[in-house]
Amino acid sequence: MMKHAVLAYLTFSLGEEKFAIPVGNVQEVVEFGQVTKVPNAPDYMLGIINLRGRILPLLDTKLKLGLSATVKTKKSRVMVLDIPTGDDKRLHIGAIVDVAREVIEISPKEIQEAPDVDDLKSSAPITGILNVHGDITMIMDIKKVFSIQELAKIKASIN
Amino acid sequence: MDSNQERFVEDALDLLNELDEGLLQLEGNPHARAPLEQVFRTMHTIKGGANMFGFENIGELSHHLETLYDLVRQEKLTVTDKLISITLHAFDKVRDVLQLRDAGMISRAEGLKEHLHNALQYLQDVQADNGSGSSLSRKIDEVATFLIRIVPSIRMTEDGNHPLVFIIKDIESLGTSKVYVFKKEEEVVQWDVYLTTTTAREEIESYFIFVEQDCIVNCVKLGTDLLSTAEFQNFLKENSGAPIGLDQIQSFSSSQNPIGNEKNEDIGSGKTFNLAKKGLHDTYIKVSKRKIDDLLNWISELIILQAQLATSSSRIKDSDLSEVTELLEMVTNRLRDTSLEIGLVPIETLVTKFKRLVRDLSKTLEKKVNFLSEGAETEMDKDVIELMSDPMIHIIRNCIDHGIEAPEVRKAAGKSEHGTVKLKAFNSSAYVNIIISDDGAGIDKQKVLLKAKEKGIVGSSAELTDDEILNLIFHPGLSTASSVSDISGRGVGMDVVRQKLNDLRGYVSVQSSPGKGTSFHIKLPLSRSIIEGLLVKVDETPYVVPLNIVTRIDRMAYETLDRVNKLNPSVVVNEELLSVFSLRENFHSGSAAPKTADIISVTINGARRAIAVDRIEGKLQTVMKPLGDAFIQQDFIAGSTILGDGSLALVLDPVRLFQVSVN
């Protein structure tokens, strides 16, 4: 039988819940520094940060998911993400999380489908669930959560 | 398209510009040899490339046009306006086709056939003319003997592969000849070619135009058929060890073959032509734009890092560190200047385009127009040149259409029948200046004002200064041309010109005096990413206001800006009623305002406005970076810049900022 490729994921917490995203999309994890607010932007767009000379938009992941705004603590971190957005472009964006945890390896067969409850599967930005003896880690659909098209769409629907 | 085809298209587009230039020169001076050779050579190169890379249609058209010019070279055909026009139009089509940048579409392109037909028809017509008796008289050249003395200015050997070696072989075969090579340690120091031929001196000299940077050529007529005389051959044999002094030969040849006054005159004018450009053997390489952009990006990073280092170093106060920091600053600045220059190209290409435009337009409008250019070597960012091309074409069109009068009108006014349109480009500090002027009728200010009142752009009783009236021509929807023509006068254009310039953070101003002409002064920043601005703060958020639009600064109480319960939202600033955009009120209304605000008066599209900020921190020159797609909706922020302490400031786009306030 063919061996399934084991993929590395970075896990992090938003409040009580644990999430994971493929390590390949994370460039680095940095501490939460100075932010310059960009006026007239959606609330979850916190502004721009200077990452060693690179200018990155910074997004409050919890606000983006419709949760309450992140309260900055000593453990708050910025995940610097590199997300392909089709047509050869890449989106570089910083996303705040409450705690950045660890890199784990998950083989595809360990991932369960997200439960299809109350339209959760189609609207929730989750591609699957990892259940280790009741300890739930949700695999986040980064394209849905962070893609600009999605951001623009949300903005359009608000207006 | 494969990479070779791409390169061919790029090269060919450059060559087409050169071809245009050559054709226009040839039109102005139909007997000139150098432009003819250039035209012929350029067509030949295009033909070769086109055939090699699979664009036989272009190759075929070029071939037939080349044939026409080959006939001109053989003096079997003369240069006529018609010939030039056919050629220009044919290659215009080629340019259009190449700009499709798609191998399939280029090779299948329609429309080239028509031009091919024109070229063949022209040839037929001319030959028919010749057949019917009025054959072009082939000038019978007199036999003459020349001494062509070639002194290479770069190192070369006799059997080397420098084109000069082959050119000399070509010249030898023009008639009876004798060549002496003088060498020093294998390297050629001088060639003496004695040539008895029927070829004219101009033509001999034209052989060297390919290599004029690499050698000095001196061509002197010695007499008639000298080489066939035994005396002259003996004389040469006796003196073959070293180059013979010119006067020695001349005294010999005149004793042998007195040819009277003509000879003396010729010897006197035995001109030396050495057009070694700028005396430097600069070599060029083609580099992709992307690599240059990458380089500039890294330099921008370096500038930012350097500013941060300077801030840290002044805090740490270590003498060794500050010395290194200062040195680094110097090197960084040099590096910045040099690297900015890399992306710059001379505006020559634009000038050629304009020459074409003036020629075509003056023909259509039946006006006589002279186009002068000065400072075509002035350099600008390649992207900016491309963006500026259309606005400048519009200005020149206006100059010719509205500015320059018809020849009879000019004559009646006591002016020369030929109008002049002049383009002058030069650098001043961080700007490139381009002045386009004409010596036409000037702008009729009363007519402009009347029109503006008619259209309700200004109030019917408004009193305006001359400058303000002139600035009205940049207002959308104002045209003083009594009839709408194809060329200009649709009332769209001058406002677009100003808009384009604003996008590039440049500006345009106009001056005009009745009967004397109009001039447009365009000012563009040298670099699009390095900007000068005022650093301001609003509620601890740093912003940058581009300095090029700032006219004055005032300080007043924030209360006076509070117009919430008033009918008139404008604020009196320096006795002027201005619409003020308060950054605090619009973007930072959450926190308590300080007592005073700094009011920055700006001029945007000719209109005076003001921006209110908490306080002005100072002036800065900095590198602007785009915010990226995430903030595409916030287009009133042009970009962001990293300050010395590592924090980020937002660079405002004032034009769009005031659009926000309108919405």
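A charge is said to sit over a ring if NZ of Lys or CZ of Arg is within 6 Å of the ring centre and within 35 degrees of the ring normal. Keep that in mind for later, and remember throughout that this is a predicted model.

Over all chains, a search of the whole structure turns up seven aromatic pairs. One of them joins F8(B) and F55(B): the ring centres are 5.7 Å apart and the planes are at 25 degrees, so this pair is stacked, since planes under 30 degrees apart count as stacked. These two residues come from distant parts of the chain, 47 residues apart. F8(B) belongs to helix 1 (residues 3-28) of chain B, while F55(B) is in the loop between helix 2 (33-52) and helix 3 (56-73).

Now move along chain B to F581(B) and F658(B), an aromatic pair with an edge-to-face arrangement. Here the centres are 6.0 Å apart, with 70 degrees between the planes. F581(B) lies in strand 18 (residues 580-582) and F658(B) in helix 21 (residues 654-662), so the pair ties together parts of chain B that are 77 residues apart in sequence. Both residues are buried.

R609(B) lies over the face of F658(B), at 5.3 Å from the ring centre. Elsewhere, the charged end of R498(B) sits over the ring of F474(B), 4.1 Å from its centre.

Finally, turn the model to see where chain B meets chain A. The contact involves 23 residues from chain B and 20 residues from chain A. Between them the two chains bury about 1,800 Å², of which 68% is on carbon and sulfur atoms. Which three residues supply more of the area that chain B buries against chain A than any other three? They are A630(B), F631(B) and L648(B), with 30% of that area. Across this interface there are zero salt bridges, and two residue pairs are in polar contact. Several elements of chain B each supply at least two residues to the side that touches chain A, among them helix 12 (289-316), strand 14 (541-546) and strand 23 (648-652).

Methods: Residues numbered from 1 in each chain as written. Chains lettered and ligands numbered in written order. Predicted model: local features only at pLDDT ≥ 70, side-chain atom pairs only at ≥ 80, totals over all residues. Heavy atoms only, no water. Phe/Tyr/Trp six-rings, centres within 6.5 Å; stacked < 30°, edge-to-face > 60°. Helix = DSSP H or I, 4+ residues; strand = E, 2+ residues; numbered from the N terminus. Buried < 20%, exposed > 50% of the residue type's maximum accessible area, 1.4 Å probe, protein only. Contact = heavy atoms within 4.5 Å. Buried area = accessible area lost by both parts, 1.4 Å probe. Salt bridge = Lys/Arg side-chain N within 4 Å of Asp/Glu carboxyl O. Polar contact = N/O pair within 3.5 Å; in protein donor to acceptor, adjacent residues only side chain to side chain.
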